[in-house]
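These are my notes on one structure. I looked up ring pairs first, then helix packing, then the sheet.

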Amino acid sequence: MHSNKAVLLNISLVLALALGLSGCTVILQKGRRTDIEKISKLKSDMDELQRAKDELEKRLQDEINNKQVKVEMQDKGLVITFVSEVLFDSGKAKLRHDSYEKLDKVAGVLNTTVADLNVGIEGHTDNKPIKRSGWKSNWELSTARALSVLHYLSGKEVAEPRLAAIGYGEYKPVASNDTSEGRQKNRRVEIVILPKTETKNGDAAADGNGSSS
């Protein structure tokens, strides 16, 4: 009796974790082992992301303290946010040489702690129109920057099938574009470590972004 109560308590805790992190609704039916297995798998995936978060915060401690990088768990996965100026010169999509060391730290975690998870790279800009840099719009700039990060991670042996890139331009701001501080926050690249989801045929797949070219 006590054993059954302990099992139910554990399932309830895992369910609460799953609902809190994913926003999904999960219904358990008495006696269905598959439900318990799915919840157990989801908890394992969340534990994997948490280990990656802890490792990234350790490796990127200086960058985080200097507000160059932010590591946080979001609904879409574990997100490593780089301020664009840390990776690129203004209006450019070529990685700065001093960004390599920072991206190497991320690649190290992608190749070890979460080597089985897919990765989305998202480029974002502020809402200032492109004037002199030669890009047609902020979409092109944000996409080119995301692809530059993708190719760098690929060169660091992050498996290419795991990677996808997309440019959002100015259309997903995280702060007001009315201030210089807000615009700086909006100019960013997000590396998103994607949690696994279950496909219809039961295979694990990343719920991620489509590639941009």
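**Aromatic pairs**

I found 2 aromatic pairs in the structure, where rings of Phe, Tyr and Trp (its six-membered ring) pair if their centres lie within 6.5 Å, and planes under 30 degrees apart count as stacked, over 60 as edge-to-face and the rest as tilted. One of them is Tyr100 with Tyr152, stacked, at 5.1 Å centre to centre and 20° between the planes. This pair joins distant parts of the chain, with Tyr100 in helix H5 and Tyr152 in helix H6, 52 residues apart.

**Basis**

The model is predicted, with local features needing pLDDT of at least 70 and side-chain atom pairs counted only at pLDDT 80 or more, while totals for chains, interfaces and linings use all residues. Residues are numbered from 1 along each chain as its sequence is written, and side-chain values use heavy atoms, without hydrogens and water. Helices (H or I, at least four residues) and strands (E, at least two) are DSSP runs, numbered from the N terminus.

**Helix packing**

I checked how H5 (residues 100-110) meets H6 (residues 138-155): their axes come within 10 Å and cross at roughly 60°. Axes are lines fitted to C-alpha atoms, for helices over the stretch in contact, and angles run from 0 to 180 degrees between N-to-C directions. H5 is therefore oblique to H6 (under 35 degrees is roughly parallel, over 145 roughly antiparallel, 65 to 115 roughly perpendicular, the rest oblique). Contact (heavy atoms within 4.5 Å) involves Tyr100, Leu103, Asp104, Ala107 and Leu110 of H5, and Val149, Tyr152 and Leu153 of H6.

**Sheet**

I read the strand order of the open 5-strand sheet as E1-E2-E5-E3-E4, with mixed pairing; strands pair if DSSP finds at least two bridges between them. E1 (69-74) and E4 (163-167) are the edge strands with a single partner each, so one side of each has no neighbour in the sheet. The twist averages 20° from one strand to the next. E2 (residues 77-83) and E5 (residues 188-193) run antiparallel, joined by 6 bridges. I noted Val192 in E5 as the bridge partner of Val79.
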